[in-house]
Amino acid sequence: MRRPQLDIQLKTPDQIEKMRAAGLVVAEALRRMREAVAPGVSTADLDAIAESTIREAGAVPSFKGYHGFPASICSSVNRQIVHAIPSPKQVLREGDLISIDCGAVLNGWHGDSAITVGVGDVDPALLKMAQVAEDAMWAGIAAAARGSASGKGRLTDISHAVETAVRKGGRYGIVDGYGGHGIGTEMHQDPHVLNHGRPGKGPRLVPGMALAIEPMITMASPRTVELADGWTVVTRDGSVAAHVEHSMALLPDGVWVLTAFDGGRARLGDLVTARQPAASTAS
């Protein structure tokens, strides 16, 4: 079933269960990569971990081959914001900040998530920025859950919640032109989810919606440049950036964070659907 105008794909609870399976594949790949991040590790090394984890689970890396993208992850280091291509020549160093974006498709359904990780001993200011981005992501997910439960929520309530959390956290740039999106039988679907804006606009938040919420913020200016490779997006002023993401779905009795092992329970509590067990059995 699809909503008119924006062509928003609404999922049944059973279809969301299938998306959860894909989401857990992504969660495991990100877990293994987080553990592997260290000085001397290349972004190509991380990409190999992701691809092997995804394929071991019977899934396929959804990034690889997508519009010609050559890898299974996007590995964005320091001033790189998003879509950076892994390379054996890009070796992590002490003090770096890396954002790892990963996607998998399992039985026709997609999962998509991103984390930002410090490499060794990192400037606390950079770690704080990464935490602000994560807190803003959870604020957006909570806004979606509350809006769906009330029957009054609109898409830009998510955007406003993300922006408000970022502004509360400090003087950071919110990257424009890039943001979250619908997800399901394709990795990118309607609607586009901005990380800033006034609340109360756009389509209603209703059960069956599945969205990827993904703040991208910088230590200074939000202005960006796309490099000659046609993929890598960097900050124009050279400031360090952070990018985080979770895929989530709205059900009649709550939200399910499909790419979080605990379904979002630790951060969202009773906003999480009863379909997610109270205690996670995943590692």
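Me: Which residues of β6 are buried on one side, and which on the other?
Reply: Leu97, Ser99, Asp101, Gly103 and Val105 are buried on one side, and Ile98, Ile100, Cys102, Ala104 and Leu106 on the other. Buried means under 20% relative accessible area, exposed over 50%, partly exposed in between, with a 1.4 Å probe and protein chains only. Strands are DSSP runs of E, at least two residues, and helices are runs of H or I, at least four, numbered from the N terminus.

Me: What kind of model is this?
Reply: This is a predicted model, where local features need pLDDT of at least 70, side-chain atom pairs count only at pLDDT 80 or more, and totals for chains, interfaces and linings use all residues. Residues are numbered from 1 along each chain as its sequence is written, and side-chain values use heavy atoms, with hydrogens and water left out.

Me: Back to β6. How many bridges join β4 to β6?
Reply: Five, and the two strands run antiparallel. Strands count as paired if DSSP finds at least two bridges between them. Ile73 has Cys102 in β6 as its bridge partner.

Me: Different topic. What is the strand order in the open sheet of five strands?
Reply: The order is β10-β9-β11-β16-β17, with antiparallel pairing. β10 (189-193) and β17 (254-257) are at the edges and have a single partner strand each, so one side of each lacks a neighbour in the sheet. On average, neighbouring strands of this sheet are turned by 25 degrees against each other, direction ignored. Axes here are lines fitted to C-alpha atoms, for helices over the stretch in contact, and angles run from 0 to 180 degrees between N-to-C directions.

Me: Which strands of the sheet does α3 touch?
Reply: Helix α3 (residues 124-150) touches β11, β16 and β17, and its direction makes about 10 degrees with that of β16. Contact means heavy atoms within 4.5 Å. Helix α4 (residues 155-169) also packs on the sheet, touching β10 and β11, at about 40 degrees to the direction of β10.

Me: Where is Leu10?
Reply: Leu10 is in the loop between β2 (8-9) and α1 (13-36). Its relative accessible area is 11%, so Leu10 is buried. The C-alpha atoms of Leu10 and Ile183 are separated by 9.9 Å, although the two are 173 residues apart along the chain.

Me: How many helices and strands are in the protein?
Reply: Five helices and 17 strands. Buried residues make up 54% of the 283 residues.

Me: What does the UniProt annotation cover?
Reply: The unreviewed UniProt entry gives "domain: Peptidase M24" for residues 17-247. UniProt positions are in the numbering used here, feature names are shortened, and annotations may be inferred rather than shown by experiment. That span is 33% helix and 25% strand, and its end C-alpha atoms lie 13 Å apart.
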